[in-house]
Number of protein chains: 6
Amino acid sequence: MLPILPSIKYFIETALTEDIQTGDITTNAIITENSQSIAKVIAGENIILCGIDILKEVFHSLNQSIEFQEIYRDGNKVSCGEGIIELSGDTRSLLIGERVGLNILQRLSGIATLTAKYVELTEGYKAEIIDTRKTTPLWMGMERYAVRCGGGKNHRSGLSGGVLIKDNHIKAVGSIRKAIKRIKKNIAGMVKIEVEVGNLKGVGEALDSGAEVIMLDNMSIPEIKEAVKLINGRVVVEASGGIDMESVVEVAKTGVDCISVGALTHSAPAVDISMEMG
Amino acid sequence: MLPILPSIKYFIETALTEDIQTGDITTNAIITENSQSIAKVIAGENIILCGIDILKEVFHSLNQSIEFQEIYRDGNKVSCGEGIIELSGDTRSLLIGERVGLNILQRLSGIATLTAKYVELTEGYKAEIIDTRKTTPLWMGMERYAVRCGGGKNHRSGLSGGVLIKDNHIKAVGSIRKAIKRIKKNIAGMVKIEVEVGNLKGVGEALDSGAEVIMLDNMSIPEIKEAVKLINGRVVVEASGGIDMESVVEVAKTGVDCISVGALTHSAPAVDISMEMG
Amino acid sequence: MLPILPSIKYFIETALTEDIQTGDITTNAIITENSQSIAKVIAGENIILCGIDILKEVFHSLNQSIEFQEIYRDGNKVSCGEGIIELSGDTRSLLIGERVGLNILQRLSGIATLTAKYVELTEGYKAEIIDTRKTTPLWMGMERYAVRCGGGKNHRSGLSGGVLIKDNHIKAVGSIRKAIKRIKKNIAGMVKIEVEVGNLKGVGEALDSGAEVIMLDNMSIPEIKEAVKLINGRVVVEASGGIDMESVVEVAKTGVDCISVGALTHSAPAVDISMEMG
Amino acid sequence: MLPILPSIKYFIETALTEDIQTGDITTNAIITENSQSIAKVIAGENIILCGIDILKEVFHSLNQSIEFQEIYRDGNKVSCGEGIIELSGDTRSLLIGERVGLNILQRLSGIATLTAKYVELTEGYKAEIIDTRKTTPLWMGMERYAVRCGGGKNHRSGLSGGVLIKDNHIKAVGSIRKAIKRIKKNIAGMVKIEVEVGNLKGVGEALDSGAEVIMLDNMSIPEIKEAVKLINGRVVVEASGGIDMESVVEVAKTGVDCISVGALTHSAPAVDISMEMG
Amino acid sequence: MLPILPSIKYFIETALTEDIQTGDITTNAIITENSQSIAKVIAGENIILCGIDILKEVFHSLNQSIEFQEIYRDGNKVSCGEGIIELSGDTRSLLIGERVGLNILQRLSGIATLTAKYVELTEGYKAEIIDTRKTTPLWMGMERYAVRCGGGKNHRSGLSGGVLIKDNHIKAVGSIRKAIKRIKKNIAGMVKIEVEVGNLKGVGEALDSGAEVIMLDNMSIPEIKEAVKLINGRVVVEASGGIDMESVVEVAKTGVDCISVGALTHSAPAVDISMEMG
Amino acid sequence: MLPILPSIKYFIETALTEDIQTGDITTNAIITENSQSIAKVIAGENIILCGIDILKEVFHSLNQSIEFQEIYRDGNKVSCGEGIIELSGDTRSLLIGERVGLNILQRLSGIATLTAKYVELTEGYKAEIIDTRKTTPLWMGMERYAVRCGGGKNHRSGLSGGVLIKDNHIKAVGSIRKAIKRIKKNIAGMVKIEVEVGNLKGVGEALDSGAEVIMLDNMSIPEIKEAVKLINGRVVVEASGGIDMESVVEVAKTGVDCISVGALTHSAPAVDISMEMG
């Protein structure tokens, strides 16, 4: 379950305002004021559901009296053609909220569904599928949640949520060693220190300097294997960079702890979900 | 050019806050306060560029003194490996804004690039490629712009921006005729009246009742052809529903005026763009 | 009924904050914490009511437990001296919300009442009374609704909601013909193309170039008549420019489709409504 | 001069977003990107100007490079036909901001112009023309300023800005005496205590109980005269309630200190101001 | 009781977002979704309670179904070890809201508790303990309320809520006399005119010029005594400037009407309050 | 240096609005429009400065043309009586922004100054002084920065920024072991797992279960010593709970890695800073 935090309420209200503008001129003209209807939200393909509580909040933001009959919950598999939730109440509100509600549900379920495919492919391996900071701006919290609904896990929560020394940081200061030294001088031991490395030499330097997570960036399968061996369980190992459904199993076989996949959030296609009035 | 309207400034500020949280602990610890750098944003594949002014505003929101050397503008084709823009100034700001800036640029350019593919496929036909209301919530204005950068055009701007009588409206009131009658009773002639129909009978009824745009929803190619013949230029004809790159040419050949493609905005994959420090 | 969209809730909350500042020092000092009262909102002149649901939301924003006994609904005529709604509950909340609630109700009912006068004057003629974009900034959606409560209709919803080629656009590009050509090149046929013209020559050019609505701006009654004849029902005709209660009937007689009146929203005097504690 | 406080910047940005929605489709299609123009804002009647800095900020919110040539400043009289300010720069920005800018300028100048009429009528008398809390919600600060531009003065700034014991407060607690007693128990002597009274008996009670301002509400001219005599300069005297341009001189002659007029802000008609492209 | 105005709801939502970021990763991982608990908020020292309704709103913002059993109300004394309120409901919500709820309660109760100490010390004297504008930015309304809960009273509510002519104003214009003259020219008699003076000469000039409140700033006890004698009850007298618990009684003995203490809001230590799960 | 992130700009704008309300009636009445002044911000005691860039932004939010002459920067020691910064420009803006600017500077410098005292006391020991989540709501980012200016370091950035298993979590799930097991099942290894323990048994269990940071909560000095010995450098050790300036050295002597002090942010008294007009 995703608690509907104040930030999500605000997101929903802004989304509704963006779409409704000064009012739904079609619905207001055609549907009479007291009309009541039943609507069913239906999966148009096999999906992992994500966002059902947000969908409910979309309609509640428009009209507190809409009622819901949940059929599936977030994280559930829903087969093509199955109903997800039934809504009943004021017809105008159902029609006005439909597009925003579905836009959110289709996108988050798209992420959960794609994540689940990666997770399924790597079942049996130690490697966890994790997200990146390549989220859709203004959707970060919801997209991180969608990844979890799909069985994935989350990377650090943002720029305050952990240390990640990237290529550009290392360039700027000269070496991994110096970068970590500066981190240790300025930051208490409450967050992990991760370093992005591109080769085995980097792995060695990161280990020696006190890195607690090592991200193997765009390294070949043999190199990753070598790195895993070298690290030998002393720190967490993350594989990253252009890993897709074709390559993910090979990466998992190397024994890394985590595989991060940017596409989970930046390129997951929306799944097909629609709403039918009863 | 997309003017940076107040709503876009606010979008950018919220996006930065979401990612930066209380500060970039890595960058603040490693990079010294007065460090200056040059960075280049580079296309990792062939793209149609969209969002360059937003990217600039992202960095200006962090630091007014960042300077830019534009190489390409929105709507331009950029080939894999080419530079898009050069940034110079405060190193910390460059590193802190990188991810948010790229997330926006990659997503909007993804939409422009996908749209351009549809537009190219249908070149020589009358049909225009248009978007739908299946946009990413909170991104509507920017995504509509991205579609234009890709050579597409926009559908109505939201629920106040035009009348679109959909299936559920018709069901609720009983017939197309009645729905249009109510519209005409309540709405002045300043906006077009579009009706969604699923078969030729609906086309006829819509025409007779005074529809000004007819959306042929999920109809077969032969039916669409028949409908175009029947309508005979009297009103605008839009084909809609599950049209993809494989089917779009066949649809264009039918002679419709517009082809709306939801995937332009709800499922365009992000394109590959990165930033390299000089 | 006006659904209380998120944007209206936000409007109300901002209005309350603006007036209450850090608290109503008079009420908090004089009225004891648990005091309960009944209050009646009363019309001080004959009005067309508009804004009753917003008034309720004002008090609910302060205190969810206030109860209402509605006597009239939006769009109703209320005679001088009649009660509009009864409120009961926490005395402090009733006193604190009174001024903001009445300020909104008096303004919106003022617009509805003025609109109704124009509508009544033109009864029996084809012409519809419509509003303009001369609304009070931050009140656009509510004022458009007030116009509808008074029996008027709405013009386009804003700058995205339709094409309106004005004098300044034509000047900039050289001719009506060129302006419409550019529009057709850039905009799909989903919105109407309206052109503002100041004389019969303009009417002809607009017709020839494919305008779908023609606004006759500040033209004399004989000219308007001539224009209506020339247009002959082929496109929608709007009369505009300084039309007031003295001239509106003469304009209606010309046979135009719409008469737009900026004063409906920019100069409607507030009507007299007060609240009396029982 | 009105300093453009953060709250006014926010007001302007919201007003622009409300009108522009996802973009000015007419202007973007017709006007080329680099087009430059000059525009002149012109009074269409004799006015007292108010809001010129806000108008400038409207255009600067859209485009920092717009330049201004001021001809008149807030508080100045501008005669029908005279220019108020010249703008030069990006044509698109001029056209996109025109309506919002004028809507604000016309409304605020309307208030200043109406206020100036009341002030002129009462010239030579001691009485000051003051506003009330019957302002347009979300416009309070700007409207108070407009009243000052017209030569009027302001009442308390909101519910925290002073004590005003009204009819409903007195009813709730039983008597003027008791109401003032509670105020003195709870509130330090930093704000004035004003009491609304409807007859001479109330005046006496208010005086005896320590009121510092007495509002004579809807009292007849002879009664007001009597009250002024009774009060004899010991406290500030405000006349209030339905005072209009016909009655204001008679009220001023009674010797009251202030005359509050709700219509200044709730019913001032917008003045005629337009923008012409050069 | 503090009514939970819209501005306070917004404060709470922002505070929760600030702390929760994209979610409480600890609680979400450990506590199961339907877990229910009881929690008790307990005073860790003797306090004057302030903020109990805000605490409730914090939890209600997260979860409408949390229930409360109040033991003490704002303004009450609570002894070390006593329970203040019991909460029951969804365990996750209780844990997620705990820190924000307590941070607010501890701070406001800290202000109330400190204020009460000053009030107690000066019991029996005419002098009232009042706050200043040295409040914590974004907390002004709540801190003014906390001062009242502790038995203190409030100074003007902000820069619109009264006239306070300070040293820097006097310097800028040349003399107290001139400053007051300008005030009287521009401001109606609805707000009090307070002047800050540093010596007896200033007191005399302020009195002669029509000041209604005189602030004796950083004057010695003998000087204050002299000033009180000189003023002789004609206007309100406020003592101000570095008054602490050691000096406050001596100041009260001089006969001033009000003693303002900045430390009430800018330096009150948080009191010890904790939450224990049952 | 604290970059003025969008969230801080928004904080400043809200703070100014809160204080200024509809305008500074005193300053606007007394100071003429074009008056220019110089002002100096001066330390009234020995301080560690924090917030100078925020102070500048406060004045720039009011008036872009104010100019600054910096004397000290954040983190610097400033002695009683020394100038911190000189401001020059529009007199009204200087007076209107003074209180908000100083309120922020005094509070943040108060935190930096208090932190520096703790840091100085523990100089020579390994222990770092760190903050807690007991920050002032809506000030979190700025207060964390103030702690760093005083030489302290930061704990996790909020509820997403790390795992901290507290007493209440352990109670809810039964044991430290179970709590950590659930964490490991749900959370990737990108954040540290900290556990709060109250005795040596807890320390052992935490170590065995895979804790990466152990918080010794309210343990006696001998117990802490024992715990440090037991842990023997394998994980980070934090001492917490009621540690003040009297006890902090004894705690540091035990060899812990971090000492967290809630009072740094919840009870630091504001330091004395004032502004003098030249």
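F:K40 sits opposite F:E86, a residue of strand β5 in chain F. Keep in mind that this is a predicted model. The strands behind that pairing are β1 (residues 36–43) and β5 (residues 83–90) of chain F, which run antiparallel and are joined by seven bridges.

- Strands β1 and β5 belong to an open sheet of four strands in chain F, and the order is β3-β5-β1-β12 with antiparallel pairing.
- At the edges you'll find β3 (67–70) and β12 (273–277) of chain F, each of which pairs on one side only.
- On average, neighbouring strands of this sheet are turned by 20 degrees against each other, ignoring direction.
- Helix α4 (residues 91–121) of chain F lies across β1, β5 and β12 of that chain, and runs at about 160 degrees to β12(F).

**Where chain F meets chain D**

- Eleven residues of chain F are in contact with eleven residues of chain D.
- About 990 Å² is buried between the two chains, with 54% of that area coming from carbon and sulfur atoms.
- There is one salt bridge between chain F and chain D: F:E33 forms it with D:R73, and the closest N and O atoms are 3.8 Å apart.

**Who supplies chain F's side**

- Helices α1 (6–20) and α3 (52–62) of chain F each supply at least two of the residues that touch chain D.
- The biggest share comes from α1(F), which gives four residues.
- Sorted by class, this side of chain F has three nonpolar, five polar and three charged residues.

Note on methods:
Residues numbered from 1 in each chain as written. Chains lettered and ligands numbered in written order. Predicted model: local features only at pLDDT ≥ 70, side-chain atom pairs only at ≥ 80, totals over all residues. Heavy atoms only, no water. Pairing = 2+ DSSP bridges. Axes fitted to C-alpha atoms, helices over the stretch in contact; angles between N-to-C directions. Contact = heavy atoms within 4.5 Å. Buried area = accessible area lost by both parts, 1.4 Å probe. Salt bridge = Lys/Arg side-chain N within 4 Å of Asp/Glu carboxyl O. Nonpolar A, V, L, I, M, F, W, Y, C, P; charged D, E, K, R; others polar.
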